[in-house]
Amino acid sequence: PSGSGALCAEAAVGECVRITGEVERVHVEQKLALLRGKGGRLWVDVSGCGVARAEGCEGKPPWPVGSLLQVLGEMVSADLPCCEPLPGSAPVDGPPVATNLLRARIARLVDGLDMNLYERCLGVRRAFESRHCPS
């Protein structure tokens with residue numbers, strides 16, 4: 001999977017991506033999370049991620065605002081109202097929101113992950129693969 005630059009704002013529809021970003025907003029009813037990172041933001045459809053819920057936690061966001069979330073999924077066209085402020089919510093201020101939507105297959109909390117070290121490791125892996133793994 002790819003996964004760099006402004007939360008994959010440049011990723012094409014249908015492309016498989018892996019992103020890591022801070023949870024800025026969660027819409028439990030719509031099963032959407034807005035992630036922020038690398039100077040951009042992206043709505044993520046988390047409806048495909050089976051989230052085990054403890055009793056009494058129904059209706060609460062599975063990923064708290066401010067937590068670091070890593071997501072693997074496919075980019076889809078956002079013909080949904082998710083790129084606009086959702087009904088009943090305040091406008092989204094800050095960096096631009098990507099026009100596509102990431103439909104998550106897997107999502108996991110990675111709070112405490114050293115993002116600088118993680119990015120360096122990805123760079124080393126990509127360099128190795130480009131030299132030793134013909135496409």
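Good morning. Strand β1 and strand β4 (residues 68-77) run antiparallel and are joined by 7 bridges; two strands count as paired if DSSP finds at least two bridges between them. Strands (E, at least two residues) and helices (H or I, at least four) are DSSP runs, numbered from the N terminus.

The model is predicted, and local features need pLDDT of at least 70, side-chain atom pairs count only at pLDDT 80 or more, and totals for chains, interfaces and linings use all residues. Residues are numbered from 1 along each chain as its sequence is written, and side-chain values use heavy atoms, with hydrogens and water left out.

Let me turn to confidence. pLDDT is the predictor's confidence in each residue, from 0 to 100. The protein has a mean pLDDT of 78, with 68% of its residues at 70 or more. Where pLDDT is low, the predicted coordinates should not be read in detail.

I return to β1. The hairpin of β1 and β2 has 4 residues between the strands, and K31 takes a positive phi near 55°.

Is β1 covered or open? The strand is mostly covered, with 9 of its 12 residues buried. Buried means under 20% relative accessible area, exposed over 50%, and partly exposed in between (1.4 Å probe, protein chains only).

T20 lies in β1, which spans residues 16-27. T20 is buried because its relative accessible area is 14%.
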